[in-house]
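Here's a quick briefing to read with the structure open beside you. Skim the headings and pick the topic you want.

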Amino acid sequence: MSDAPRTDELPDVETVPDRAPRRGPRLGQQADVAIQGVFLSAFLVAIIVYFANRADNFLTADNGITILATAAVIGIVSIGQVTTIISGGFDLSVSGVVPIGSVLYALLLNDGVSIPAALGLVLLTGCAVGLVNGFVITVMGVNPLIATLGTMSIAGGVALTLAKGVSIPFDDVDADALTRESLWGVPNHVWILLGLGVLVFGLLRFTVYGRQLYAVGGSPEASRLAGMRTRVVTSGAYVLSGTLAALAGAIISSQLLTGVAGAGSDSALQSIAAVVLGGAALTGGVGGITGTFVGVIILATLSNGMAILQVPSFYQQIATGAVLLVAVALSRLTQTLRNR
Amino acid sequence: MTQEHPVGDPPALRVEAVRKSYGPNAVLKGIDFELRSGEIAAVLGENGAGKSTLARVLAGSIQPDSGSLSLGGRPVQFASPRDALRAGVAFIPQELIYIPDLSVAENICLGNLRGSRYFSTPGRILRQAAETARRFDIELPLRMPIARAPLAVRQKVEILKALGRDSRVLILDEPTAALTNDESDALLELTASLARRGLAVLYISHRLDEVKKLCRTAHVLRDGLLVATHAVADTPVRTLVAEMLGREPTPPDRSTAAPADDGAPGLALRGVSCPSTVDSVEAVALTVGPHEVVTVYGRRGSGADTLAECLGGLHREATGTFELFGRRHRIFRTPRAARVARVAYVPAERKTQGLLLKTDIATNLTQFIWTKLGVLGVLTGRAERRRSRALIQRFGVRCRAPGQAVGDLSGGNQQKVMIASRLAGDPVAAVLHEPTRGVDIGARGEIHGLLHRVAERGVPILIVTSDIEEATTIGDRLLIMRGGRIVDRIDRPSLADQAYALQTAGGDSE
Ligand SMILES: Nc1ncnc2c1ncn2[C@@H]1O[C@H](COP(=O)(O)OP(=O)(O)OP(=O)(O)O)[C@@H](O)[C@H]1O
Ligand SMILES: [Mg+2]
């Protein structure tokens, strides 16, 4: 293409001052997300204050770590989930992949495979499920609800088959490296959660892939016509989601020192709830890691606080649902008022 | 209140001191005017002047911050479009909304089904739609699914949908922007006949020739203020344009003649064909010199639209080859192939095909150069904002900041963002499909000028348009399509060639 002409930047490019207002008033979708962010943070502070007043062992460093530790599994799944939701779909199959991760990790360890190798294989399995999801959704054109409902069911069944219907206790009771306490008494899986959070935050915010993901999720047709590889971009989200779900399964096993075929079978609903609570829209193109993180922490704090107050667990379930509905409804209401 | 009107009857619509701001951005700064029944008044103004905002206020889809409206002398307040519709204000928005899977008849009756409140039968819907259409003397293919109907039909559907039994005011926001000449003429006729029945019409348009034909008065809006009201018949177009822009218009920029062809074309199509039920292309060959701007004009169904789409990679079934600076390619079958070959394609439909509507201006402007702006795929946002600011300036986009949501821009400014994003990518050649749809006269000249400057740098430019004025003024060469083939060519066309071009493009298809 050496003989092709170039429309290089016009000379005026360099003369444009970079001192114009750094960022204009935030408008549109961004503002909506911002409103919901403020809203949610306020809500989180409110429930923390409430629980702190009701139970004196709530607001302690130890309990903070406990909350993070219980949030880690759903948190990791949600980090994957938010990418699929930004892409305009969602991933129900995590409810089947987490169990596979759990069972497979235990089986491999009991077969004498080393921890890193076992973890690697587990991640690859999750990745494979993600690839299948991506293929079925983008190439075969199956709706994400149906596609991932199908793979969820298959994956869940495979987990049960692998486990032959029973739990699989670790032979080596010291194989809890994933969840062992390390630096500052914080368990490894919490560090993993935080590390992944930072990584995917960067991915979404500061990479070409991240930009494309938002573009494809928000305007699939325009993105395709702009020549983006929409199938690759969308599939990438499902691969990430599957991989992280499998990791979450391994973490559950490591916590329990047992592979359980029923582990985390509610993770699809929990993670979608957290992501939506965090301001993502199921219509695609909107959402982020910070919001998701707040969503995860709210759900974990609620269940931790209620457990400390000895609220029966079925009430916790009702409370979680109510919080989701009220938070999302209120934020929609503020948007409507803002747009009048 | 109603002075100086001999009859003494109140105006169909009176607008007083209407203001509307979006955040710090005052869009309407106190608008006053009146509309009499049977009158067709134009609202003119640059992109972003506030025309659509005014229309949306009148139609109840947004609420003004202050000011009042009255219909037939009765003060009204609209909390929703439904209120406005009931009070007799029909509004055809700039971008149409319809339900693609329903038939024409069902769309007409949508939300307005008579008879039982909850039940309706297909037969009854058909009868009701037919009756409505007959009442306004409009002929429509009632059973056709609306997604397959041509735009002109959809627009008529929209009008029927909006007109109730007792509509008194009809507001049309750039209704002809996407129509071909005959379709526009039909719509103008329809509008005129509705006015003769006593409807008051507010007609928003960038096409002054239509305004001349259709309207009695013209209100000129500039930066949210009504700067002038004229009787159209005794006002020269030049005055209207100057008032819209707030300055004298610059004559179209076609200073330099294209350098003579040195034999090697920049872009050459050979035997491009594409089957299609309504708009097929048959063995089209054409060349565009490295410094040339070539326009292709054709009516709907002539194959011109499909030809443009083929060059954007929108048709998998397209066949043929083309050369880019001596390099042979197969005709693009995917949009990606066009991008890889660095052929910029500006699609005709900005909202659905061209813009990433949920994101901001900077994202849209830089979407084709992300990889280039980033280092190993990492982007910080700084380079994007910087480049966006440069593009905003170069293309004269009226906005507040690169971070503003692109959906909040006026239609014409969205169009500029779309074109800018495609040309930012350093293309080897550019194909533009209806590039100035909905763009005001000033900006249209600017865009045309820009395209010429890009061409001067050695980028062959092909423009496919159904706007005869654009076709005859911007190009170094005009190709006319009819029945899927190029049937004629006019070198260095001018406005004087319009009549001939229209005739060659075929009037007998009607
Ligand atoms: N929802 C919104 N939020 C913020 N600003 C808006 C919104 N809608 C419109 N605007 C701003 O109001 C101004 C007027 O827009 P409007 O759509 O009325 O222009 P217009 O005269 O119809 O232009 P065009 O000829 O391009 O259609 C623009 O600057 C636009 O950015
Ligand atoms: Mg407008």
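What follows is a short tour, from confidence scores down to single residues.

This is a predicted model, and it comes with an ipTM of 0.76 and a pTM of 0.79. Chain A has 13 helices and two strands, while one of the things to look at in chain B is an open sheet of six strands.

- Chain B has an average pLDDT of 83, and 91% of its residues score at least 70.
- Where pLDDT is low, the predicted coordinates should not be read in detail.

**Chain A at a glance**

- Chain A runs to 340 residues, and 51% of them are buried.
- Take the chain A contacts with a separation of 6 or more: 78% of those link residues 24 or more positions apart.

**Nonpolar cores**

- The largest nonpolar core holds 97 residues. Those touching the most other members are A:Ile76, A:Tyr105, B:Phe395, B:Val417, B:Leu432, B:Leu451 and B:Ile461.
- Zoom in on B:Val417 and you'll find B:Leu355, B:Ile361, B:Asn364, B:Leu365, B:Val397, B:Val406 and B:Leu409 touching it, leaving out residues up to four places away in sequence.
- There's also a second, separate core of 50 residues, with B:Ala133, B:Leu190, B:Ala192 and B:Val201 among its members.
- As background, nonpolar side chains in soluble globular proteins tend to be buried together.

**The six-stranded sheet in chain B**

- The strand order is E16-E17-E18-E13-E19-E20, and the pairing is mixed.
- Strand E16 (343-346) and strand E20 (485-491) of chain B sit at the edges; each has a single partner strand, so one side of each has no neighbour in the sheet.
- From one strand to the next, the twist averages 20°.
- In chain B, strand E13 (residues 293-298) and strand E19 (residues 477-482) run parallel and are joined by five bridges. Look for B:Gly298 opposite B:Met481 in E19(B).
- Helix H16 (residues 441-456) of chain B lies across E13, strand E17 (429-433) and strand E18 (461-465) of that chain, at about 150° to E18(B).
- Helix H18 (residues 498-505) of chain B lies across E13, E19 and E20 of chain B, and runs at about 30° to E19(B).

**Strand E3 of chain B**

- How many of the six residues of strand E3 (residues 40-45) of chain B are buried? Six of the six, so the strand is largely enclosed by the rest of the structure.
- B:Ile40, B:Ala42 and B:Leu44 point one way from E3(B), and B:Ala41, B:Val43 and B:Gly45 point the other way; all are buried.
- E3(B) runs parallel to strand E8 (residues 200-204) of chain B, with four bridges joining them. B:Val201 in E8(B) is the bridge partner of B:Ile40, and B:Val201 also belongs to the second core.
- E3(B) also pairs with E9(B), again in the parallel sense, over five bridges. There, B:Gly45 has B:Leu221 as its bridge partner.

**Residues to click on**

- B:Cys399 is in the chain B loop between helix H14 (382-395) and helix H15 (411-423).
- Setting aside neighbours within four places in sequence, B:Cys399 contacts B:Ile361, B:Ile392, B:Gln404 and B:Leu409. B:Cys399 and B:Gly48 are 351 residues apart in sequence, yet their C-alpha atoms are 8.8 Å apart.
- Most residues other than glycine have a negative phi. The next two residues go the other way.
- A:Gln310 isn't a glycine but has a positive phi of about 60°. Its place is the loop between helix H12 (289-308) and helix H13 (313-338) of chain A, and A:Gln310 is exposed, with a relative accessible area of 70%.
- B:Asp223 isn't a glycine either, and has a positive phi of about 50°. B:Asp223 lies in the loop between strand E9 (217-222) and strand E10 (225-231) of chain B, and counts as partly exposed at 40% relative accessibility.

How values were computed. Residues are numbered from 1 along each chain as its sequence is written. Chains are lettered from A and ligands numbered from 1 in the order in which they are written. This is a predicted model: local features need pLDDT of at least 70, side-chain atom pairs count only at pLDDT 80 or more; totals for chains, interfaces and linings use all residues. Side-chain values use heavy atoms; hydrogens and water are left out. A nonpolar core is a set of buried Ala, Val, Leu, Ile, Met, Phe, Trp, Tyr and Cys residues joined through side-chain atoms within 4.5 Å. Buried means under 20% relative accessible area, exposed over 50%, partly exposed in between (1.4 Å probe, protein chains only). Contact means heavy atoms within 4.5 Å. pLDDT is the predictor's confidence in each residue, from 0 to 100. Two strands pair if DSSP finds at least two bridges between them. Axes are lines fitted to C-alpha atoms, for helices over the stretch in contact, and angles run from 0 to 180 degrees between N-to-C directions.
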